[in-house]
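User: Could you walk me through this model? I'd like to start with the overall layout and then ask about particulars.

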Amino acid sequence: MTVAEDEAARRRRFEEVIAPEADFLARVARSMSRSSAEAEDLAQDTLLKAFRSLDRFDGRHPRAWLYRIARNTAINRDQRNRELLLDDGEDVDPVADEILEPEQQVVTPILEHDLEAALDALPPSFRLAVQLVDVEGMHYQEAADLLEVPVGTVMSRLHRARKRLRAALAGTPLDRGTAT
Amino acid sequence: MSESPTDRSPSCSEALEQLHAVLDGELPSEEARRIIDHLEACPPCELEGDSFRRIKEAVAASGNALDPASLARVRELTDRLCREGVPPTA
């Protein structure tokens with residue numbers, strides 16, 4: 001096979017296996033990042049690395065493969081991400097699990113902004129659990145396999161994430177059940 | 001004959017413990033039904049269930065996505081890699 005044929009085959013394989021997962025990668029990158037711009041950089045770096053290392057991919061579980069590249073890229077970019085992505089949130093803002101009284105909440109009228117801010121305030125390991133189960137619709141076991149953690153860890157992160165989201169959204173239209 | 005867990009009505013603490021698994025479709029239907037029956041008969045637990053259901057639905061609807069311009073650029077790069085690959089110097 002010539003170099004040109006080799007490159008063409010690589011592009012075809014990328015198109016077949018990786019390209020369909022680009023939106024998934026973008027969402028996961030968002031969960032690992034503090035902003036949309038940071039997530040965009042992470043997703044693009046991950047795509048470039050995936051393309052270059054496609055020869056080493058066995059073709060099974062492309063989402064898990066992309067997730068691992070993205071996670072390692074995020075960690076290499078900033079070592080502080082290691083703890084944030086891999087921990088169970090025990091050492092991350094421990095008071096945040098407490099339920100605050102309604103008058104302690106900052107009430108803002110824009111639901112999308114409220115939710116985005118509440119999600120951004122979660123530790124990334126929590127955000128990923130919510131992302132995989134609530135947005136991607138994964139079963140606990142699927143999320144655990146992808147994150148390479150026990151099922152109980154996924155459940156714990158998910159429950160605590162939702163409690164924090166509920167506390168952060170107290171007093172908003174979402175909390176009052178009036179959001180459409 | 002001893003009573004099995006599926007023969008009796010769950011307590012509030014049991015219902016709340018299983019609440020997320022019910023919302024996430026992780027329980028067998030018979031077990032989920034027991035919890036749902038409890039929620040429907042117990043206003044405090046029902047309120048708790050509703051609040052977490054709203055959280056779950058809002059997150060699912062949001063997609064936790066990139067802003068549209070960022071997502072468009074990620075898709076553009078994906079398309080470019082499919083068409084052109086990566087230049088050796090990139």
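Analyst: From the N terminus on, the elements of chain A run α-α-α-α-α-α-α-α-α-α, which amounts to 10 helices and 0 strands, where helices (H or I, at least four residues) and strands (E, at least two) are DSSP runs numbered from the N terminus. This is a predicted model, in which local features need pLDDT of at least 70 and side-chain atom pairs count only at pLDDT 80 or more, while totals for chains, interfaces and linings use all residues. Residues are numbered from 1 along each chain as its sequence is written, and chains are lettered from A and ligands numbered from 1 in the order in which they are written.

User: What are the ipTM and pTM, and what does chain B average in pLDDT?

Analyst: The model scores ipTM 0.82 and pTM 0.79.

User: Switching topic: at what angle do H2(B) and H3(B) cross?

Analyst: Their axes (lines fitted to C-alpha atoms, for helices over the stretch in contact, with angles from 0 to 180 degrees between N-to-C directions) come within 5 Å and cross at roughly 115 degrees. H2(B) and H3(B) are therefore roughly perpendicular to each other, the range for that word being 65 to 115 degrees. B:His38, B:Leu39 and B:Glu40 of H2(B) meet B:Cys45, B:Glu46 and B:Gly49 of H3(B).

User: Last one, which residues have the most contacts inside the largest nonpolar core?

Analyst: They are A:Leu25, A:Ala26, A:Ala29, A:Ala70, A:Ala129 and A:Ala143, in a core of 50 residues; such a core is a set of buried Ala, Val, Leu, Ile, Met, Phe, Trp, Tyr and Cys residues joined through C-beta atoms within 7 Å, and buried means that 20 or more other C-beta atoms lie within 10 Å of a residue's own. Helix H7 of chain A (residues 124-135) supplies the largest share, 7 residues.

Note on methods. Angles under 35 degrees count as roughly parallel, over 145 as roughly antiparallel, 65 to 115 as roughly perpendicular and the rest as oblique. Two residues are in contact if their C-beta atoms, placed from the backbone, lie within 7 Å. A residue is buried if 20 or more other C-beta atoms lie within 10 Å of its own, exposed if 12 or fewer, and partly exposed in between; C-beta atoms are placed from the backbone.
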